[in-house]
Amino acid sequence: MDKYIKNKNIILGVAGGIAAYKSVELLRLLVKQGARVRVAMTSSACKFVGPLTFEALSGQKVCTDLFEGDDASIQHIKWADDADAVIIAPATANIIGKFANGIADDALSTLILAVTAPVLICPAMNTHMYENRAVQRNIDILEGDGYHIMEPGSGELACGTSGPGRMPEPEIILDRLICCLTPKDYKGKKVLVTAGPTREKIDPVRFISNPSSGKMGYAVARAAEHRGADVILVSGPVDIMPPLNVKVIHTESAKEMAASVLEHFKHSDVVIKTAAVSDYRTKKVAKQKIKKTKTAMSLDLQKNMDILKELGKKKKSQVLVGFAAETQDLKKNAEKKLKAKNLDIIAGNLVGSPNSGFGTDTNRVTLFLKGGNVKKLPEMEKDEVADILLDQVKKIEKKK
Ligand code: CTP
């Protein structure tokens, strides 16, 4: 659960577009994150999805009419006052037009006028409507008034046309809401993150690698972006969605990763190296597939550059963080790497223990800090580990 969503009062405003069905999933995701969600719907939204669906999932009465219920005349003001954030999804051309011009002629448009919390607007409509000058003008007005506007996705639309106008997927809307609510203590900071495994080719069909999923590094990149940093993520081959608003550089071998990292290092304030870099590569990559001829074979390997150690030598004011996945003697091995690579923090974990290490969503990490302090964290989501790590980096930065 994200700490900026948990126990927060979120209003989900649903306007009348075909994408209203996706808002049901968005509501489910918000509830899963521990938010208290109240849903307000326009009368045309009720033609696409019944209020009962939203009522059942939110556990709260859905607001469709200003003049309904005992305290009807002030209900929208109370909701607006209580709100920590508002999402309008889908936002139709009509509701965008009303918001931009201060028109309050139904429950949703009246409620929004009374809201002082951040509002995230997710336009969804036919491409020509979206590109219409009046709609774009209204979107510009809302942006100028401090509303957060999401870009609609592009693709095939329900009306048969193709182009921008699709409502972003619920996971993406949730991510942007978290971003809206996260304090921007990394604003102006440049954070370089590495993630995933490297691949060292043996022949055209084989390579040396490891099971790193990239989840830890991607979580760090996402958390830093949420906190306002400019983030570059140098990633080995992984199978996960890249964080939004982050520059991702895809690499394969340790050599390629080293080249990208060294290029961006000098402009970085913080470097967090979660990547599981192969220590060796084959001396020669076979041009053709190696055939099995003998009962045994050996590979001739040569050492790769220790990228982090190289950064440790070049380091000026940067905060440098490494990760150490160990199978034994965590403290001894991690502290040795902390010193040898001239790091500020090394995050160590024992692989092989349940729910910790490669591929899992959780991790059990101990932070070893320069100067000898040790912080043992309990098992937690990698997103939470990322946030705590960034808190720690911030403290070090302040002392520098
Ligand atoms: N690392 C690196 N370049 C390498 C090897 C490791 O930049 N060629 C970085 C990793 O990204 C990680 C840290 O160094 O942040 C520790 O990696 P790890 O594989 O645990 O340590 P090694 O130094 O390779 O030591 P060993 O394999 O002997 O445990």
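The following legends describe close-up views of a predicted model.

**View 1. Domain 1 and domain 2 of the chain.** The assignment, which comes from an automatic or database source, places domain 1 at residues 9–181 and domain 2 at residues 190–399. Taken over C-alpha atoms, the centres of domain 1 and domain 2 are separated by 39 Å. To their contact (heavy atoms within 4.5 Å), domain 1 contributes 5 residues and domain 2 contributes 6 residues. About 490 Å² is buried between the two domains, 60% of it on carbon and sulfur atoms; buried area is the accessible area (1.4 Å probe) lost by two parts on being put together, summed over both.

**View 2. The salt bridge of Arg176 and Glu225.** The side chains of Arg176 and Glu225 meet at 2.8 Å, N to O. A salt bridge requires a side-chain nitrogen of Lys or Arg within 4 Å of a carboxyl oxygen of Asp or Glu, and the count between domain 1 and domain 2 is 1. The side of domain 1 that touches domain 2 has 3 nonpolar, no polar and 2 charged residues, with Asp, Glu, Lys and Arg classed as charged, Ala, Val, Leu, Ile, Met, Phe, Trp, Tyr, Cys and Pro as nonpolar, and the others, Gly among them, as polar.

**View 3. The surroundings of the ligand.** The ligand is surrounded by 14 residues (a heavy atom within 4 Å), the closest being Lys273, Ala275, Leu308, Lys337 and Lys341. A polar side-chain atom of Lys273 lies 2.7 Å from a ligand oxygen atom. A backbone N or O atom of Leu308 lies 2.9 Å from an oxygen atom of the ligand, and a polar backbone atom of Phe323 is 3.0 Å from a ligand oxygen atom.

**Notes.** Residues are numbered from 1 along each chain as its sequence is written. Local features need pLDDT of at least 70, side-chain atom pairs count only at pLDDT 80 or more, and totals for chains, interfaces and linings use all residues, while side-chain values use heavy atoms, with hydrogens and water left out.

Key:
A polar contact is a pair of N or O atoms within 3.5 Å; within protein, one must be able to donate a hydrogen and the other to accept it, and residues adjacent in sequence count only if both atoms are side-chain atoms.
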